[in-house]
Amino acid sequence: MTFVEVTHEGHVSTLTINRPDKLNALSQEVLGDLNAAIEAVSRRDEVRAVVITGTGKAFVAGADIAAMRDMNQAEARGFGALGHRVFSMIEHLRFPVVAAVNGFALGGGCELALACDFIYASSKAKFGQPEVNLGIIPGFGGTQRLPRRVGPGMARELIYTGKMISADEALRIGLANAVFEPDELLAAAAKAAADIAAKGPLAIAAAKRLIRDGMDIPLPQANKVERDAFGAGFGTADQVEGMTAFLEKRAPRFTGA
Ligand code: COA
């Protein structure tokens with residue numbers, strides 16, 4: 001893969017978007033590599049959490065404007081569909097994905113971070129949906145995931161003004177979960193991922209699925225889905241191991257079975 005580096009440590013894989021001369025802008029090729037990288041890590045049984053970050057001064061400075069300028073409507077629709085497909089795949093992985101936002105997360109970069117389970121930001125990070133500056137709207141899920149994350153009022157302001165906000169502001173509005181010094185960001189994201197990887201993989205997968213799907217269905221129905229999933233977790237090796245380890249006052253050894 002040319003534009004995405006993949007590394008593995010224990011149960012955690014890190015995907016680094018690597019097109020620094022264009023601030024990691026998402027071209028068709030970059031999205032294709034991201035797609036391939038995600039498919040590759042999802043095929044590895046031992047992976048239990050992923051970190052996504054970027055090389056250089058950007059996380060991702062958006063979809064590739066040079067590639068988009070001459071697109072016709074059908075091509076733009078296809079490009080949007082590709083972004084949606086890749087980001088939806090991230091949301092549907094069996095394990096959590098932490099966005100380690102090291103710099104600019106604009107447009108498609110902010111949308112990529114929003115498709116991840118949660119966001120850790122460098123104090124130098126900048127977030128925004130600047131598409132209206134270009135005469136277009138967010139096309140990789142921004143009009144939908146941003147209001148779900150920060151509420152409709154805040155999302156409207158960010159999308160209508162196209163303004164950039166700081167990491168601290170992103171933290172204040174609930175877009176980022178935590179802010180770190182730039183040289184501490186990756187270690188913090190890797191630690192969060194490793195902490196998650198030490199939990200029962202089946203429980204984490206069920207929690208991810210329930211939170212994702214529950215946001216879009218009425219509460220009574222969502223609570224019923226949770227009740228069923230709670231019951232289904234019993235009798236698994238992870239449930240027996242987790243509770244036995246507690247009672248035996250030792251650390252659990254989860255297998256995801
Ligand atoms: N698409 C294509 N190329 C991009 C890009 C994007 N979204 N964002 C940055 N680049 C390119 C620049 O064109 C430049 O290329 P060049 O060196 O060949 O001229 C290179 O990356 C470096 O960017 P530059 O603008 O010189 O860096 P900067 O530090 O002065 O400014 C930003 C940084 C992020 C403020 C600025 O690059 C920017 O506004 N980018 C576009 C953000 C955007 O609108 N994203 C949404 C797209 S839908």
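Let me begin with a definition: a residue counts as buried under 20% relative accessible area, as exposed over 50%, and as partly exposed in between, using a 1.4 Å probe and protein chains only. What we have here is a predicted model, in which local features need pLDDT of at least 70 and side-chain atom pairs count only at pLDDT 80 or more, while totals for chains, interfaces and linings use all residues. Residues are numbered from 1 along each chain as its sequence is written, and side-chain values use heavy atoms, with hydrogens and water left out.

I will talk about salt bridges, where a salt bridge is a side-chain nitrogen of Lys or Arg within 4 Å of a carboxyl oxygen of Asp or Glu. Searching the whole structure gives 13 salt bridges. In one of them aspartate 70 pairs with arginine 69, with the closest N and O atoms 3.4 Å apart, and both aspartate 70 and arginine 69 are exposed.

Let me turn to helices, which, like strands, are DSSP runs numbered from the N terminus (H or I, at least four residues, for helices; E, at least two, for strands). Within helix H7, residues 167–172, arginine 172 and glutamate 169 sit three residues apart, about one turn of the helix, and they form a salt bridge whose closest N and O atoms are 2.9 Å apart. Arginine 172 is exposed, at a relative accessible area of 59%, whereas glutamate 169 is partly exposed, at 26%.

Helix H8, residues 185–197, holds aspartate 195 and lysine 191, four residues apart, and their side chains meet in a salt bridge at 2.8 Å, N to O. Aspartate 195 is partly exposed, with a relative accessible area of 36%.
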